[in-house]
Amino acid sequence: MTVASPSAVAAPPASTTRRAGHSHLPGRRIAYLYVLPFFVVFAAFSVYPWLATAWVSLHDTRLSTYHQSNWIGLENYHNLFTNKFFWNAFRNTITIGIISTVPQLCMALGIAHLLNYRLRGRTFFRVAILMPYATSLAAATVIFAELFDPKLGLVNWLLHAGHLPTVDWQGSKWPAQVAVSAIVTWRWTGYNALIYLAGMQAISADLYEAAAMDGAGRWRQFLHVTLPGLRPTILFTIVVSTIGAAQLFGEPLLYHNGLPDGGTQNQYQTLGLLMYQQGWTNDRLGLASATAWTMFLIIVLAVGLNLYLARRRVRRDGGHRRRMTLAAAAPEVSAR
Amino acid sequence: MSGHKVGVLRGSWLTYLLVGLVTLVSVFPLYYTVVMASHTNAEMAAGTPPLLPSLSIVDNVKKALELAPLNHGLINSLIVSGAITAGTVALCTLAGFAFAKLRFRGSNLLLGICIATMMVPLQMGVIPLYMLMARLGLAGHLSAVILPSLCTAFGVFFMRQYIASAVPDDLIEAAYMDGAGPLRVFLSVVVPAARPAMAVLAMLTFLTAWNDFFWPIIVLSTQNPTIQVSFQSLATGYAPQQSIIMAGTLYGTVPVLVVFALLGRQIVGGIMQGAVKG
């Protein structure tokens with residue numbers, strides 16, 4: 001595989017498929033047969049459940065009466081939007097989302113810049129920073145829960161050793177949110193650094209040489225060559241991280257020993273966790289389904305906002321718009 | 001990805017220091033798991049916490065194995081991840097080939113739908129999916145985890161991008177001229193040419209399936225768990241010992257980390273190619 005285009009996850013190479021000369025390729029029917037298995041699996045285990053969730057969200061559904069539940073219209077949504085637990089989870093999802101992605105992506109950018117130097121043992125470094133990505137969410141959370149343990153944890157010991165006040169990383173709101181975010185950050189920073197590194201290596205060396213000729217130092221080269229060249233990649237990682245953050249579930253669940261309350265005061269309960277609690281703990285499947293659809297709409301709005309802001313920015317700068325897709329997104333999105 | 005570009009700066013000692021620091025932060029929690037797994041709660045709470053592992057880790061692993069069905073989980077995870085990987089690579093290569101090289105009505109629309117669905121959160125379908133599995137009598141069975149992941153939108157898109165640029169049309173046309181049928185062309189022209197991308201997809205899919213948590217925890221029980229689900233049994237009981245939890249977590253994590261270290265170079269390459277492949 002070669003680096004084909006400087007724009008990470010750029011537009012599909014439409015030219016290769018639209019070019020004339022396909023007359024010898026086989027007919028249409030066989031193509032449908034080839035994509036059929038994918039769409040059968042997809043329809044049965046994705047599309048049907050999504051639509052059914054919408055249907056369930058309009059009913060008062062319990063596990064025992066799943067197939068004969070009462071139509072209640074939008075009452076689940078009404079209950080949800082007037083419920084303080086929903087708004088608490090909504091706020092937590094946003095704050096944890098910001099704490100877990102903004103520093104993460106900034107650090108990933110810095111690390112990618114470092115890895116872009118000519119280094120001895122660069123394969124070793126790249127594999128090492130990807131080790132957290134290979135560690136499962138379940139294992140990473142259990143490990144970090146111990147590191148942040150108020151009594152036995154290394155973090156508080158270090159604080160104590162540095163004559164700083166120790167922190168209740170489980171019970172107090174912001175420290176707990178920071179701890180949960182630390183797990184996400186630890187697992188994904190290296191992965192995003194490699195994505196940025198790939199983007200950086202696709203930037204033409206001529207641009208750097210031209211900038212150097214104009215007397216730009218390293219820092220100015222980074223600002224005026226690297227960052228603009230990486231813009232599509234950065235936008236892509238922001239979109240993927242937004243999607244991941246909006247459905248955050250496993251880390252806050254396991255950080256409280258598998259309880260879906262997100263801490264005794266719900267201090268780090270996310271929307272994903274709230275939905276799990278409504279559905280599987282409280283047997284309110286209709287309400288949980290309403291939460292699920294609300295989460296989807298929030299993601300669509302958040303992603304749309306990201307793309308809108310990015311596009312407006314690009315237009316203002318006079319640059320050309322790049323199409324983007326969610327190519328490398330799936331491993332990240334589905335692993336969360 | 002290989003080879004140095006002209007003009008790429010050599011790293012200074014400061015670069016090595018910073019990269020070394022990042023490496024340390026990435027790896028230290030895993031090392032410290034070994035330390036935590038070999039010391040009791042009392043030892044960890046001591047004035048100066050230990051920094052080196054000890055041999056009592058062996059006993060702690062044994063105790064963890066009595067507490068949680070870790071071996072059962074490892075075997076189940078191997079079955080589940082293996083089946084998902086085989087299915088995903090086969091079906092996504094087939095669909096990716098059709099999208100890349102065969103023209104058919106609605107192909108762009110179908111591909112667009114396929115990509116847009118990556119935005120849908122996992123939570124969107126779990127309740128009806130669980131009911132569906134229960135109705136099919138599959139709740140608690142490994143096939144309930146395997147079936148929904150048998151092919152992914154990402155896999156289809158990934159293979160489509162690769163095949164579109166790596167398999168020349170002429171090659172396919174020539175095979176047709178020689179009288180090969182569609183399946184024959186797929187197996188003897190497309191699959192050999194797409195092998196590098198299939199390997200990358202296989203590694204990423206296996207890792208994702210192995211580490212998957214959300215759906216398995218809902219549809220499986222600790223009676224028949226994947227490794228991620230079997231971790232849940234470690235913390236149960238009165239006053240759980242962190243050393244045993246850590247020993248069990250380590251036991252269930254080391255196999256995949258070893259495989260990852262062996263294939264690390266390829267996985268790194270795959271992630272970077274996936275990011276830039278246009």
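Before the points, a word on handedness: a crossing is left-handed if the near helix is turned anticlockwise from the far one by less than a right angle, and right-handed if clockwise.

1. Ground rules. This is a predicted model, where local features need pLDDT of at least 70, side-chain atom pairs count only at pLDDT 80 or more, and totals for chains, interfaces and linings use all residues. Residues are numbered from 1 along each chain as its sequence is written, while chains are lettered from A and ligands numbered from 1 in the order in which they are written.

2. Helix α4 (residues 84-115) of chain A passes α1 (residues 13-37) of chain B in a left-handed crossing. Their axes lie 10 Å apart at about 130° (axes are lines fitted to C-alpha atoms, for helices over the stretch in contact, with angles from 0 to 180 degrees between N-to-C directions). α4(A) and α1(B) are therefore oblique to each other (under 35 degrees is roughly parallel, over 145 roughly antiparallel, 65 to 115 roughly perpendicular, the rest oblique). Helices here are DSSP runs of H or I, at least four residues, numbered from the N terminus.

3. Who touches whom there. α4(A) brings Ile111(A), Leu114(A) and Leu115(A), and α1(B) brings Thr15(B), Leu18(B), Val19(B) and Val22(B). Contact needs C-beta atoms, placed from the backbone, within 7 Å. These residues divide into six nonpolar, one polar and no charged (nonpolar is Ala, Val, Leu, Ile, Met, Phe, Trp, Tyr, Cys and Pro; charged is Asp, Glu, Lys and Arg; the others, Gly among them, are polar).

4. The chain interface as a whole. On chain A, 107 residues are in contact with 105 residues of chain B. Helix α2 (residues 28-56) of chain A supplies the largest share of chain A's side, 17 residues. That side divides into 77 nonpolar, 24 polar and six charged residues.

5. A pair within chain A. The axes of α7 (residues 137-147) and α9 (residues 173-201) of chain A come within 10 Å and cross at roughly 135°, so α7(A) and α9(A) are oblique to each other. This crossing is right-handed. Ala140(A), Thr141(A) and Phe144(A) of α7(A) meet residues of α9(A) including Trp186(A) and Arg187(A).

6. The core. Which residues touch the most other members of the largest nonpolar core? Among its 175 residues, they are Leu194(A), Ala95(B) and Val156(B). A nonpolar core joins buried Ala, Val, Leu, Ile, Met, Phe, Trp, Tyr and Cys residues through C-beta atoms within 7 Å; buried means 20 or more other C-beta atoms within 10 Å of a residue's own, with C-beta atoms placed from the backbone.

Definitions and conventions:
Two residues are in contact if their C-beta atoms, placed from the backbone, lie within 7 Å. Helices (H or I, at least four residues) and strands (E, at least two) are DSSP runs, numbered from the N terminus. A residue is buried if 20 or more other C-beta atoms lie within 10 Å of its own, exposed if 12 or fewer, and partly exposed in between; C-beta atoms are placed from the backbone.
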